[in-house]
Amino acid sequence: MRSARWLPILFVVVVLPLLVGTAVVVVAESRSRGESGESVDTANLGEGTVPSEDVVLPRTMAREVLADWDARRAEAWAAGDAVALSGLYVPSSVAGQRDVEMLVAWTRRGLVVRDLRTQLLRLDVRRAGPERLVLDVTDRLVGGVAVGPGVRQALPVDRASRRVIVLRRAGELWQVAAVRGAGAPAPASR
């Protein structure tokens with residue numbers, strides 16, 4: 001009988017906030033399903049500005065593009081596959097060259113990195129078009145295990161970092177063209 005008295009309190013403290021949070025997500029997702037093929041420029045939105053409905057669709061698409069890209073990068077690192085990793089970047093990408101160099105250094109030591117996971121903390125779409133995305137991203141490494149002969153070492157959790165990432169479509173896949181500090185101006189369209 002005592003536990004029955006706590007049910008309303010548990011509902012208000014635990015279940016109700018979850019339901020409200022879910023409702024907010026459902027409303028935001030339903031707004032993102034609009035029919036907008038327009039290029040969106042959000043670079044001039046002020047801090048704390050709530051983006052209009054036409055910005056939500058590019059943000060959802062950008063989140064999916066990043067998740068797919070991160071998954072393919074994790075696969076390349078787990079396989080020690082420098083060719084697959086370099087294919088995630090446009091050929092002239094300095095970030096791609098550095099990433100491949102790091103992978104090669106690990107594989108030369110007989111190590112690969114498995115379970116590489118990136119936690120996306122914030123995503124702002126600066127520009128979105130059918131062939132190019134310019135994203136302001138805050139993320140951090142939260143998983144990864146270095147594995148090799150006699151070695152199994154978890155990588156430390158990374159500090160959050162903020163960058164501007166430029167992605168270009170290459171057929172059905174997106175490649176990273178450039179990565180800059182978040183304070184850098186958005187690159188000009190090409």
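Me: Helices (H or I, at least four residues) and strands (E, at least two) are DSSP runs, numbered from the N terminus. Which pattern does the protein follow when read along the sequence?

Reply: This is a predicted model, in which local features need pLDDT of at least 70, side-chain atom pairs count only at pLDDT 80 or more, and totals for chains, interfaces and linings use all residues. Residues are numbered from 1 along each chain as its sequence is written, and side-chain values use heavy atoms, without hydrogens and water. The protein has 4 helices and 6 strands, and their order along the sequence is α-β-α-α-α-β-β-β-β-β.

Me: In which helix is confidence lowest?

Reply: The predictor's confidence in each residue, pLDDT, runs from 0 to 100; the protein has a mean of 76, and 66% of its residues reach 70 or more. Over residues 1–56 pLDDT stays under 50, although the model has 35 contacts (heavy atoms within 4.5 Å) beyond four places in sequence for that stretch. Where pLDDT is low, predicted coordinates should not be read in detail. Confidence is highest in helix α3 (residues 82–86), at 98, whereas the lowest mean, 36, belongs to residues 2–31, helix α1.

Me: What percentage of the residues in the protein is buried?

Reply: Among contacts in the protein with a separation of 6 or more, 55% join residues 24 or more positions apart. Counting as buried those residues with under 20% relative accessible area (1.4 Å probe, protein chains only), the buried share of the 190 residues in the protein is 32%.

How values were computed. Buried < 20%, exposed > 50% of the residue type's maximum accessible area, 1.4 Å probe, protein only.
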